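Hi,

Here is the structure I promised to pass on.

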Protein chains: 2
Amino acid sequence: MASTEQPVDESSKAPVPEPKLARGPSFPPINLLWGDLALRLLLFASTLTGVVVMVTSKQTELLFPFPVTKTAKFNYSPAFIYFVVALSVACLYSILTITASIFFILKSSPSNKLLLLVVSVDALMAGLVASATGASASVAYIGLKGNSHVGWIKVCNIYHKFCRHIASSTALALVASIILLWLVLLSTFSIYRRIR
Amino acid sequence: MASTEQPVDESSKAPVPEPKLARGPSFPPINLLWGDLALRLLLFASTLTGVVVMVTSKQTELLFPFPVTKTAKFNYSPAFIYFVVALSVACLYSILTITASIFFILKSSPSNKLLLLVVSVDALMAGLVASATGASASVAYIGLKGNSHVGWIKVCNIYHKFCRHIASSTALALVASIILLWLVLLSTFSIYRRIR
């Protein structure tokens with residue numbers, strides 16, 4: 001009886017997955033969900049501030065020698081309009097995912113399928129915000145330096161406040177894209193941890 | 001004997017990982033490595049063509065009423081220089097990963113750690129190419145429509161060929177960024193498949 005029981009016991013412990021799964025807890029037990037929430041809060045802050053700073057960039061100046069007032073506004077440039085739309089979408093998305101993140105911390109860990117969906121949308125948002133950053137930065141650069149080859153004059157020597165606002169919101173968008181890239185990596189790492 | 005064997009047989013199949021792993025083969029057996037290679041070849045083609053089209057955009061025109069020749073070149077705009085650099089980096093990266101992809105098809109599947117690294121760099125490249133697309137598109141739009149608010153004249157009514165080249169290479173960069181987003185998803189999906 002003992003001799004028949006032993007091989008049965010051996011075979012029941014034979015399948016490979018057991019040690020693989022046992023290796024899991026030896027991995028540093030960082031709670032990735034908290035990191036995810038922190039990054040999403042930062043994303044919310046940076047995108048919201050970026051949008052607000054861009055929208056409040058309006059500046060009116062009295063131009064000489066003909067005393068005429070002229071205004072610089074973000075919506076005079078399609079690139080800046082795209083910027084505001086892209087960052088607003090990312091901001092709304094961050095609110096949505098912050099809610100989801102809090103739910104996952106309080107209730108249960110997200111499923112693998114959901115993590116895959118989150119990686120997809122995070123990557124899409126990263127592309128969106130990165131392209132908005134590029135668009136805004138390139139127009140801002142022309143505003144700052146002009147382009148003598150095609151006769152585009154610089155405007156930042158007149159509209160100081162406007163240009164400061166554009167520069168700040170572009171920097172915030174760059175921060176937001178970096179955060180989104182980190183979020184992609186974090187979610188991928190969460191999936192990766194489950195196979196270890 | 002039969003009665004003792006039955007419960008033992010039951011308990012040997014009780015651990016959860018077994019059915020989880022057994023579900024693996026029922027998943028559509030698409031070879032993701034081939035898809036990865038195909039996407040990377042497309043990435044190489046789009047980035048290389050994008051760079052070549054941008055670099056060959058030079059156009060010289062005789063301008064009236066003062067008969068003077070003026071040239072439009074991509075390197076007159078920092079945004080287009082950034083575009084060429086970003087797409088060249090993505091092109092070189094695609095060559096590197098095509099080689100790796102072929103190696104993985106011929107020799108062995110990549111490790112999970114390597115897949116995680118690939119996702120990271122793919123996401124970084126997606127951000128880089130997306131920002132280059134945004135930068136190029138926004139400058140091209142000013143060239144096409146001008147901006148009456150700040151007195152930036154349009155140039156595409158003079159430099160037709162130049163603008164066609166810029167538009168084509170921007171479209172190719174957009175394709176490249178979409179391919180890179182797909183690659184991020186594909187690699188994440190490869191990791192995901194290993195837990196199913």
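One term before anything else: a residue is called buried when its relative accessible area is under 20%, exposed when that is over 50%, and partly exposed in between. By that rule A:Asp122, at 0% relative accessibility, counts as buried. Please also keep in mind that this is a predicted model.

**Chain A in outline**

Chain A has six helices and two strands. If you walk along the sequence, the order is α-α-α-β-β-α-α-α. The chain has 196 residues, and 43% of them count as buried. Looking at contacts in chain A with a separation of 6 or more, 81% are between residues 24 or more positions apart.

A:Arg40 sits in helix H3, which covers residues 32-55 of chain A. With a relative accessible area of 2%, A:Arg40 is buried.

Setting aside neighbours within four places in sequence, the residues in contact with A:Arg40 include A:Tyr93, A:Ser94, A:Thr97, A:Val118, A:Leu183 and A:Ser187.

Chain B has a salt bridge of this kind as well: B:Arg40 pairs with B:Asp36, with the closest N and O atoms 2.9 Å apart. These two are four residues apart in helix H3 (residues 32-55) of chain B, which puts about one helical turn between them. B:Arg40 is buried at 2% relative accessible area, and B:Asp36 is buried at 11%. Over all chains, the search of the whole structure finds four salt bridges.

**Where the two chains meet**

Now for the interface. Here 45 residues of chain A are in contact with 44 residues of chain B. Together the chains bury about 3900 Å² between them, 79% of it on carbon and sulfur atoms. On the chain A side, A:His149, A:Trp152 and A:Ile195 lose the most area to chain B, together 16% of what that side buries.

Several helices of chain A give two or more residues to the side that touches chain B: H1 (2-12), H2 (17-22), H4 (78-106), H5 (112-145) and H6 (160-193). H5(A) gives the most, with 17 residues. By residue type, that side of chain A divides into 27 nonpolar, 13 polar and five charged.

A:Gln59 is in strand E1 (residues 59-63) of chain A and counts as buried at 10% relative accessibility. Its side chain reaches the backbone nitrogen of A:Phe162 at 3.0 Å. Beyond residues up to four places away in sequence, A:Gln59 touches A:Lys70, A:Thr71 and A:Tyr159, among others.

A:Ser177 lies in helix H6 of chain A and is buried, with 7% relative accessible area. Leaving out neighbours within four places in sequence, A:Ser177 is in contact with A:Ala126, A:Val129, A:Ala130 and A:Thr133. A:Ser177 and A:Arg164 are 13 residues apart in sequence and 20 Å apart in space, C-alpha to C-alpha.

**Aromatic rings**

Finally, the whole structure holds seven aromatic pairs over all chains. In one of them, the rings of B:Phe103 and B:Phe104 have centres 5.8 Å apart and planes at 65°, so the pair is edge-to-face. B:Phe103 is partly exposed at 45% relative accessible area, whereas B:Phe104 counts as buried at 14%.

Cheers

How values were computed
Residues are numbered from 1 along each chain as its sequence is written. Chains are lettered from A and ligands numbered from 1 in the order in which they are written. This is a predicted model: local features need pLDDT of at least 70, side-chain atom pairs count only at pLDDT 80 or more; totals for chains, interfaces and linings use all residues. Side-chain values use heavy atoms; hydrogens and water are left out. Contact means heavy atoms within 4.5 Å. Buried area is the accessible area (1.4 Å probe) that two parts lose on being put together, summed over both. Ala, Val, Leu, Ile, Met, Phe, Trp, Tyr, Cys and Pro count as nonpolar, Asp, Glu, Lys and Arg as charged, and the others, Gly among them, as polar. Rings of Phe, Tyr and Trp (its six-membered ring) pair if their centres lie within 6.5 Å; planes under 30 degrees apart count as stacked, over 60 as edge-to-face and the rest as tilted. Buried means under 20% relative accessible area, exposed over 50%, partly exposed in between (1.4 Å probe, protein chains only). A polar contact is a pair of N or O atoms within 3.5 Å; within protein, one must be able to donate a hydrogen and the other to accept it, and residues adjacent in sequence count only if both atoms are side-chain atoms. A salt bridge is a side-chain nitrogen of Lys or Arg within 4 Å of a carboxyl oxygen of Asp or Glu.
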